[in-house]
Amino acid sequence: MNNQADTTNEAAKKVLLAAPRGYCAGVDRAVETVEKALEKYGAPVYVRKEIVHNRYVVDTLAKRGVIFVDETEEVPEGSHLVFSAHGVSPAVRASADQLSLRSLDATCPLVTKVHNEVKRFARDGYHILLIGHEGHEEVEGTAGEAPEVTHLVDGLDGVDKLPDFPAEQKLIWLSQTTLSVDETMAIRAKLHERFVQLEDPPSDDICYATQNRQVAVKAIAERCELMIVVGSQNSSNSKRLVEVAKQAGARDAYLIDYPEQIDPDWFDGVDTVGVTSGASVPEILVRGVVERLATMGFADVEEITTASETITFALPRDLRAPRTKGRAPRRVPTS
């Protein structure tokens with residue numbers, strides 16, 4: 001009878017696999033930019049900061065001859081330098097030019113969109129309230145477009161730290177692309193309470209992939225006792241998935257880089273595990289987690305899909321394949 005009970009318990013153990021998950025179009029473009037640069041120019045290729053916030057990706061590229069640096073001054077004059085997916089300020093670009101570095105821009109186009117918004121609104125006389133996390137590379141690059149009129153709002157407490165603007169001062173809020181949608185909307189509401197003249201941006205700054213992954217987590221979190229998010233500790237969008245999972249009903253949630261970091265002690269009383277991954281995580285790591293869970297009795301895997309993603313971004317011009325003479329460019333389907 002005990003054996004029958006054990007078999008029943010094993011059969012009840014389940015994995016709910018969130019979709020979409022993993023690489024977004026911006027990350028895919030950034031990683032491919034570095035890979036194509038290695039193929040075209042050979043090692044070493046330098047990258048300012050981490051190309052994306054994922055330990056596995058960074059370590060894998062480093063083994064192939066990529067050298068990651070904190071600042072442009074560390075790069076030998078005339079070398080190839082890739083700007084990461086998170087974007088850089090005009091000051092960083094100017095520094096690279098002074099060193100005659102051959103720069104390749106892997107900035108996510110959705111981050112570039114926010115940069116352009118900052119420049120446009122600053123030019124039009126606005127002060128910009130930038131919702132984001134202090135010290136994050138994307139925030140530093142975005143704020144660097146107009147530092148004299150950009151004010152960081154880091155969390156709800158950040159609203160109280162803002163100066164008192166004159167009633168006639170035009171204000172607009174923008175945001176980092178990888179934030180929690182719910183938290184950002186709460187901050188927005190508090191900003192509107194304090195500043196009656198505050199305007200909303202013309203479109204969402206939080207990227208489609210960040211929003212889609214949060215929606216996917218919400219769809220499965222209340223059905224899970226435990227959520228495992230694959231992603232690195234310095235990945236903003238991955239950390240937000242942990243928070244969203246807990247808020248949406250998961251009893252607990254953990255952020256891990258590798259399957260080996262799964263702790264068996266997490267699984268007391270757990271029959272259903274949710275699995276997802278941040279937007280900078282390759283699928284091979286998720287597969288490793290699913291395989292590790294199978295050895296622990298969680299062999300029944302159900303994928304829950306809440307959205308379909310078809311967006312792609314072109315590589316930097318210097319790395320694009322040459323067009324065949326006399327042929328029209330291939331059109332990328334949008335659906």
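Author: Helix α10 (residues 236-247) has twelve residues, which at 1.5 Å a residue should span 16 Å, and its end C-alpha atoms are 17 Å apart, which agrees; the expected span is 1.5 Å times one less than the number of residues, and helices (H or I, at least four residues) and strands (E, at least two) are DSSP runs, numbered from the N terminus. The model is predicted, with local features needing pLDDT of at least 70 and side-chain atom pairs 80 or more, while totals for chains, interfaces and linings use all residues. Residues are numbered from 1 along each chain as its sequence is written, and side-chain values use heavy atoms, leaving out hydrogens and water.

Among the buried residues of α10 are S236, N237, L241 and V244, where buried means under 20% relative accessible area (1.4 Å probe, protein chains only). The buried residues of α10 pack against α9 (208-221), β10 (226-230), β11 (252-256) and β12 (272-277), contact meaning heavy atoms within 4.5 Å. Just after α10, G249 takes a positive phi of about 125°.

Elsewhere, an open sheet of four strands runs in the order β7-β6-β8-β9 with parallel pairing, two strands being paired if DSSP finds at least two bridges between them. Because β7 (150-153) and β9 (198-199) stand at the edges with a single partner strand each, one side of each is left without a neighbour in the sheet. Strand β6 (residues 127-131) pairs with β7 over four bridges in the parallel sense, and L129 stands opposite H151 in β7.

How values were computed
Buried < 20%, exposed > 50% of the residue type's maximum accessible area, 1.4 Å probe, protein only.
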